[in-house]
Every structure is written in C-alpha cells, then in structure tokens.
Amino acid sequence: MAPEQRPAGPQATAEPALEVRELRAGYGRITGIDGISLTVAPGELVALLGANGAGKSTFLRAISGMIRAWSGSVLFHGKEVTGQRSDRLVRSGMAHVPEGRRVLPTLTVEENLRLGAFTRRRSGDVDADLASVLTRFGPLRERRNQKAGTLSGGEQQMLSIGRALMARPTILLLDEPSLGLSPRLVGEVFALIRDLASEGLTILLVEQNVKQGLGCADRGYLLSTGSVVMTGSAQELLANPKVIDSYLGGRGQEV
Amino acid sequence: MDAYTEAVVIRLGIAILLALGYWITAATGKFSFGHAAFMAIGAYTAAILTVNFEWSLATSMLISGLTAAVAGAFIGWIALRLSILYLAIITFAFAEIVKILLDSWDYVGGASGLFGMRGTTVELVAMCIGVVIVYLFFLARSRKGLSYEAIREDEQAARACGLGVTGISVEAFAVSAAITGVAGALSAHETLIITPSQFGAPQSLLIILFVVLGGVQYFWGAIVGAVVLTMLPIWFDFLDNYYQITYGLLFVVLMILRPQGIIGRSTERRFNLGALKKLASSRNGAGRDG
C-alpha cells in the first residue's frame with residue numbers, strides 16, 4: 001500500500017460531509033425537485049441558486065427530514081440518513097435555518113437560543129455556547145430578555161442562525177437568509193456566513209440572490225424548475241456568460 | 001362544611017383537575033375533542049376496583065391514571081403524527097367508541113350504569129390538585145415547558161431546533177389523559193353512579209371550554225376557566241330557562257373581547273384582525289417557496 005498522503009485543502013478529503021444522490025421530493029402530486037445530486041465537502045461553502053419556485057427550499061427540507069423524500073438518497077458523513085427524523089439529524093450535527101427566519105416570537109431571545117441546544121444535555125457547555133453566540137451577535141446580547149417577536153428582521157435572522165449554531169452543527173443548511181432584508185443587512189448576513197465558513201463550518205446555502213450567493217460561496221449549483229442546470233466553482237459561474245445573461249441581468253455575450 | 005358546600009367544593013375540584021389535565025395537551029397546541037373518554041376509562045377502572053375488588057380509592061385512582069395514560073399514549077401515537085384536524089376526528093371517534101363499548105358491556109351494567117361506590121373526600125381531591133399544580137409549576141420553568149411552547153407556537157421551527165415534536169406531544173397527551181383519568185375516578189366516587197352517557201360529547205366540550213375560556217398561555221388560566229364554568233350555573237340559577245341563552249351570549253362576548261381567554265396577555269394573536277391580516281399577506285406570498 002502506498003503511504004498515506006494528506007492532501008492539502010478541505011475539498012480534497014475523501015468523504016464528503018454531505019452527498020445527495022438523485023433526490024426527488026414534492027408536495028402531493030406536485031414535483032418540487034426532480035433528481036438533484038449534490039456534494040458538499042467538509043469545510044466547504046456551497047450555494048444552491050435559483051429563482052422562486054425552482055425547488056430550493058423543498059430540497060433543503062427533504063435533506064433535513066422536514067418532508068419525506070420520494071426517492072434518492074442523502075449521505076451525511078458517509079452515513080445513509082435518507083428519511084431520518086429531523087430531531088435525529090440535528091442530534092447528529094445537521095442544523096437547518098428555515099426560510100423566513102421562524103424565530104419563536106413569544107419566547108425571549110435567550111429562550112430561543114436555549115431551544116437550539118435542546119438536543120444537548122451538558123448544561124455547562126450550553127451556557128458557554130450561549131455566551132459565545134451572544135458575543136458574536138452583539139445586538140442580541142442587549143436584547144437577551146426581550147421577546148423575539150419584537151426584534152427587527154435582521155436581528156431575527158441573526159437569532160435564527162444563532163439558534164442553529166447552539167446545536168453545535170457540523171453542517172449548516174441555510175434557507176434564503178437574505179429574504180426580506182434591506183441591502184445593508186443582506187451584506188451583514190453574508191459577511192457573517194463567510195466568517196462561519198472561514199472558521200471551518202460546512203455550509204449549504206440556498207439563495208435566490210445569485211450574485212450575493214456566488215460572491216461568498218466556494219462552489220455553486222444553479223437550479224431551474226427542479227433540476228440542476230449548471231454547476232462549477234463560484235468564479236467559473238460568475239464568469240459564465242449564460243449565468244450573467246440569465247441571472248445577473250445581462251451584459252454577457254450572446255450564446 | 002355542610003354536605004351541600006362539600007359537594008360543590010368536590011365538583012369544583014374535579015373540574016379544576018379536568019381543566020389542568022386538558023391544559024397540558026393544549027399547551028403543545030394539540031386539542032382533543034374526546035377527553036371525556038379518558039375520564040370514562042378512569043371512572044370505570046376505579047369503580048370496578050373499588051366496588052368489585054374492594055380496593056381503596058387512592059390505589060384505584062393510581063391504576064385509573066395509568067390505564068388512561070396508556071390509552072392516551074396509544075391514541076396520541078396514532079393521531080399526533082397527523083395534522084390537528086385528524087387529531088380532532090380521531091379523538092372524537094375514540095370517545096364515541098369507548099361510550100358504545102361501555103354501553104354494551106354487561107359487566108359494568110351497560111347503559112344502566114355502574115353503582116355501589118362509596119364517596120370521596122375533599123382532602124383526596126385537594127391532594128390531587130396539589131400534586132398536579134406542583135408538577136405544572138416545575139414544568140413551566142423547565143426545558144420541557146419551553147419545548148411545549150415552541151411546539152404550540154411554530155411546529156416547523158421547533159423541528160428545526162431538533163425537538164422530537166411527535167414524541168414530546170405524545171408524552172404530553174399521555175400525561176394529560178392520566179390526569180383526566182384520575183379526575184374521572186374521583187368523579188365516579190362523587191356522583192356514586194356512572195353511566196356511559198355521562199361521558200359523551202357534551203362532557204368533552206365542557207373540558208375544552210374550561211381551557212379555552214381561561215386561556216392556554218398559563219396553566220392557572222385553566223383553573224379560572226374551570227371555576228367560572230362550574231360556578232356560573234349555580235350563580236345564574238335564578239335565570240331559570242334563560243340560563244342557556246345568557247351563558248351562550250356571555251361566551252360570544254368574551255371571545256370577541258378577550259380571544260386569548262380570561263387569563264393571558266393580549267399580545268397573543270389569535271382569531272383577531274392581526275391574525276387575519278397576517279393570513280392574507282401570507283396568501284399573497286404563497287408560491288414563494290423555492
């Protein structure tokens with residue numbers, strides 16, 4: 001046998017953090033996603049991009065056990081987890097930040113964050129993580145005992161991400177974090193996502209905003225009506241005339 | 001305490017126990033429409049044990065609670081993984097089935113009922129309420145209490161937090177059924193005769209009204225609801241035939257003025273304009289799901 005070689009860079013690791021094969025899912029008889037395959041290497045930030053109704057949220061929900069997949073498989077760190085219950089997946093390190101923030105409005109900021117750590121038992125560790133999340137998100141610290149419903153949209157998005165971090169995930173599934181935020185806040189949220197990725201967290205990001213999404217991702221998948229139409233590194237995609245034409249408002253070459 | 005006061009106090013206590021029991025499942029946002037079935041299961045279990053086997057009432061009540069909990073866990077396990085509409089239908093049907101089975105079961109006297117129970121005491125009722133209140137007091141401050149509120153407010157968000165929503169709801173439902181079963185046992189030893197018809201839909205509805213009237217936000221809201229609904233018929237006795245009408249009107253007015261119940265903050269947005277507006281705007285945004 002050849003001596004073990006440690007390749008440089010996270011993407012070269014043998015086993016992907018998340019591997020999805022030919023996943024199909026939908027609601028009732030309506031197909032949402034029609035055979036999507038995708039891989040995310042450990043430490044990688046992958047963006048899944050597409051317009052409204054392309055099936056992005058359905059895809060994330062089928063991965064995280066919120067809805068049942070029709071067919072296909074999901075492998076999490078090489079282990080088959082297709083159709084597993086969402087609470088088991090959170091326990092094994094997959095946290096989903098749902099679309100539209102979904103904080104619990106009648107609970108306080110701190111209670112929301114503590115719920116994020118519901119699957120964990122060691123209360124000492126939870127306290128430490130609570131402190132670190134509150135340090136990361138300054139505005140939340142000041143509003144610690146305030147009801148989450150009284151926060152601004154941006155703060156709610158921060159809380160929603162902070163709550164997911166409380167589960168100590170190895171992978172974060174982010175569903176449309178820029179939705180309904182002002183351009184300045186969108187910038188802040190993406191800066192935060194980049195920070196998390198640079199700290200080594202694996203992230204699968206679903207975005208409608210192709211420019212912002214590719215701007216912070218390592219790799220991207222472009223989705224249209226339930227299937228992947230294009231994939232590649234973020235730079236490749238950003239330079240691709242077709243992408244510029246159909247997603248970034250033109251000024252690319254005619255194809 | 002004279003016999004009349006004692007009877008009123010015991011009846012009030014049983015109503016409070018029923019309300020508190022129901023509150024536990026309502027706290028997870030799951031409304032049962034057949035809780036009278038668990039009351040019946042508790043009542044018949046205890047009555048069989050005390051009358052036919054001469055067990056003490058206290059021991060029989062424990063068995064009543066256990067039996068009702070098992071039934072509750074079973075029904076919850078079937079119904080709570082589905083939408084709350086299915087829960088309503090399944091619990092309602094379950095209560096009807098229990099009633100029909102009791103009606104045709106000769107061992108417990110069929111439709112003519114079961115009797116021979118000796119009375120219960122104010123102390124026993126008070127003790128049960130005490131135990132339940134202590135439980136709820138600690139529940140409200142615990143992780144579990146927080147998870148109930150999360151499930152009630154937003155099930156999807158609760159799932160995203162890693163809460164095993166179905167498991168938690170089934171557990172709450174079983175505990176709720178257990179308390180209702182104990183209340184049924186006490187009630188059987190207060191009325192001294194039990195018939196299946198006592199445990200029909202009107203009884204289920206009454207239990208729901210205790211909690212809806214009091215408000216689901218805090219458990220003591222359920223106590224207030226139970227006290228008001230038990231005392232109203234006594235206070236409004238002079239209204240005679242007009243009682244039902246007055247009672248109905250009172251309810252309508254209350255639901256308009258305080259949709260969150262007598263107890264509870266008005267920030268709770270249910271059945272009011274804010275909720276409707278929210279619904280309308282989410283309709284407009286429908287299909288945005290990418």
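Of the 149 residues in the largest nonpolar core, A:L205, B:A19, B:L20 and B:W23 touch the most other members. A nonpolar core here is a set of buried Ala, Val, Leu, Ile, Met, Phe, Trp, Tyr and Cys residues joined through C-beta atoms within 7 Å. A residue is buried if 20 or more other C-beta atoms, placed from the backbone, lie within 10 Å of its own. Helix 8 of chain B gives the most to this core, with 15 residues; helices (H or I, at least four residues) and strands (E, at least two) are DSSP runs numbered from the N terminus.

This is a predicted model, in which local features need pLDDT of at least 70 and side-chain atom pairs count only at pLDDT 80 or more, while totals for chains, interfaces and linings use all residues. Residues are numbered from 1 along each chain as its sequence is written, and chains are lettered from A and ligands numbered from 1 in the order in which they are written.

Leaving aside neighbours within four places in sequence, B:L20 is in contact with B:V132, B:L136, B:I179, B:F219, B:A222 and B:I223. Contact requires C-beta atoms, placed from the backbone, within 7 Å.

In chain B, the axes of helix 3 (residues 57-79) and helix 8 (residues 165-191) come within 7 Å and cross at roughly 145 degrees. Axes are lines fitted to C-alpha atoms, for helices over the stretch in contact, with angles from 0 to 180 degrees between N-to-C directions. The crossing of these two helices of chain B is right-handed, meaning that the near helix is turned clockwise from the far one by less than a right angle. Their contact divides into 15 nonpolar, twelve polar and no charged residues.

Chain A has ten helices and ten strands. Its radius of gyration, taken over C-alpha atoms, is 18 Å, which agrees with the value near 18 Å for a compact globule of 255 residues under the rule of 2.2 Å times the number of residues to the power 0.38. Of the 255 residues of chain A, 43% count as buried.

Where the chains meet, the contact takes 29 residues from chain A and 19 residues from chain B. On the chain A side, helix 1 (56-63), helix 2 (86-91) and helix 3 (109-116) each supply at least two residues. Helix 1 of chain A is mostly covered, with eight of its eight residues buried. A:G65, with a positive phi near 80 degrees, follows helix 1 of chain A.

Terms used
Contact = placed C-beta atoms within 7 Å. Nonpolar A, V, L, I, M, F, W, Y, C, P; charged D, E, K, R; others polar. Buried ≥ 20, exposed ≤ 12 C-beta atoms within 10 Å, placed from the backbone.
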